[in-house]
Amino acid sequence: MGVDRGPRGKALVIGGSLTGMLAAAALAETMQVTVLERYAMPHGPLPRQGVPQARHAHLLWSGGARAIEALVPGATERLLAAGARHIAVPRDLVVLTSGGWLTRFPEQQHFLSCTRDLLDWVVRDLVAAKPRVRVLPGHAAVGLRGTTTQVTGVLVHGGRREETLEADLVVDAGGRASAMPRWLDRLGLPAVRTDVVDSGLGYASRLFHAPPGTDGFPAVNVQADPRQHVPGLNGTILPVEDGRWLVTLSGTRGGQPTGEAADFEDFARSLRHPVIGDLVTRATPLTEVTVSHSTANRRRRYERMRVWPDGLVVLGDALATYNPLYGHGMSVAARHALALRRQVERGTGPGLARRVQRAAARATDAAWVLAGTQDLRYPGAEGRSPGPLGGLMTGYTDRLMHAATHRGRPARALLDVLSLSAGQAALLRPDVLASVLWPGHPEPPQDPPFTEEERALMISLFTRR
């Protein structure tokens, strides 16, 4: 066993979000860490102010789950013990992709399904217990201290006074509302380039008590087909803790769902298949409908700035946000924190911040390309065209989605990339290319691939009075 030589400096993390707590876990192995959180921190799996998207469906893909477990050992066990579901993909998932119904092959990847409140609480509880981590709720970062070449601390508003907290490293995990572009301007740095792709997606979510007997029922997902050149409508049923279903419906510009409870079931039935609407009719609503329109893909290219100050790192949603439809936000944030830990292990001297920013950018690429290229295909989408090469890849992806519905190799490659367990090069392996380009693919089935037991359960649900 190695000898703990004590902390090698002080770090400040802005934001007690999932990203912030994972960043704190990454740094606590070598530094003394203070987490600054603007709002109160609930004791337990309860709603937290400042996370409006928490009411919608969240996936923690296996690539992200493994990253969290590496940073916070025991987190997966705690989540499962508290009621989170391990969804084996595609075995425990009934999904209509743009290429058809996906065959329920044996487990190839997985995701953890639970409410965002539970996930945040488990990670926060484990990280806050670390001896080198201090969490300060009710303390808002309001500016940076330093120069264009070196950040030395943060101006903090807490209670009725302001003070400057000095640090060797500042991590911005302040989410979508990050003020970093404005703070950098105050230091005299040029504006950061920001790329935006916006399909105009709107989300509507509602919690239900699941019908009796549906313990172990698969997650259900009906996806839009971007080739149809109509607003993309999507729906998901996620089984979460305490015998509940979290149902999220979405539509791109011109097809957004409303917040009216009376419209929820009708919208679910308007998807490419009505299965989600059918199932929802047998579930008991527990909440009203929550609506969100903060769904644009937005990426700040800090890694490309000509000058970047030592002592400053930007991670998570403060760096890049994605259409939530693909479920990548939390997993990418976990991979950002893992990249942070790896770079800190290499050394904390000059150049650390630049190395971390570039590593985080690489961890962002796959999710950014997937979300951007797909979202641009919907009517009224705003953003820069991917160009001829992007069009070629779009055509290939359409064929890949069709092949993956019934062929194991392309399905495995697709799920490896979607789960952030492999890079996009996996989609172009020779064996995958052969499966995708080989002619004569059979037509996928027309009906959802439920098992005989699941079909019998559904029949009993629909015949009950």
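**Sheets and a pocket**

Colleague: Let's begin with a pair of strands. Over how many bridges do strand E10 and E11 pair?
Modeller: First, a word on the model: it is predicted, so local features need pLDDT of at least 70 and side-chain atom pairs count only at pLDDT 80 or more, while totals for chains, interfaces and linings use all residues. Residues are numbered from 1 along each chain as its sequence is written, and side-chain values use heavy atoms, with hydrogens and water left out. Strands (E, at least two residues) and helices (H or I, at least four) are DSSP runs numbered from the N terminus, and two strands pair if DSSP finds at least two bridges between them. Strand E10, residues 151-158, pairs with E11 in the antiparallel sense, and the count of bridges is six.

Colleague: Which residue in E11 is the bridge partner of Val154?
Modeller: E10 and E11 are neighbours in an open antiparallel sheet with the order E9-E10-E11. Strand E9 (139-146) and strand E11 (161-166) are at the edges with a single partner strand each, so one side of each has no neighbour in the sheet. In E11, the partner of Val154 is Leu165.

Colleague: Which helix packs on this sheet?
Modeller: Look for a helix touching E9 and E10, where contact means heavy atoms within 4.5 Å. Its direction makes about 30° with that of E9; axes are lines fitted to C-alpha atoms, for helices over the stretch in contact, and angles run from 0 to 180 degrees between N-to-C directions. The helix, residues 180-187, is H5.

Colleague: In the open sheet of five strands, which residue stands opposite Asp172?
Modeller: That sheet has parallel pairing and the order E8-E2-E1-E12-E21. Strand E12, residues 169-172, is joined to E21 by three bridges.

Colleague: Which strand gives the most to the lining of the second largest pocket?
Modeller: A pocket here is an open set of points on a 1 Å grid over the protein atoms alone, where a 1.4 Å probe fits, with protein on both sides within 12 Å along at least five of seven lines; lining residues have an atom within 4 Å of a point. This pocket is lined by 19 residues, with Arg55, Thr115, Asp117, Leu207 and Arg244 nearest its centre. Helix H4 (116-128), strand E14 (202-209) and strand E17 (244-251) each supply at least two lining residues. With three residues, the strand that gives the most is E14.
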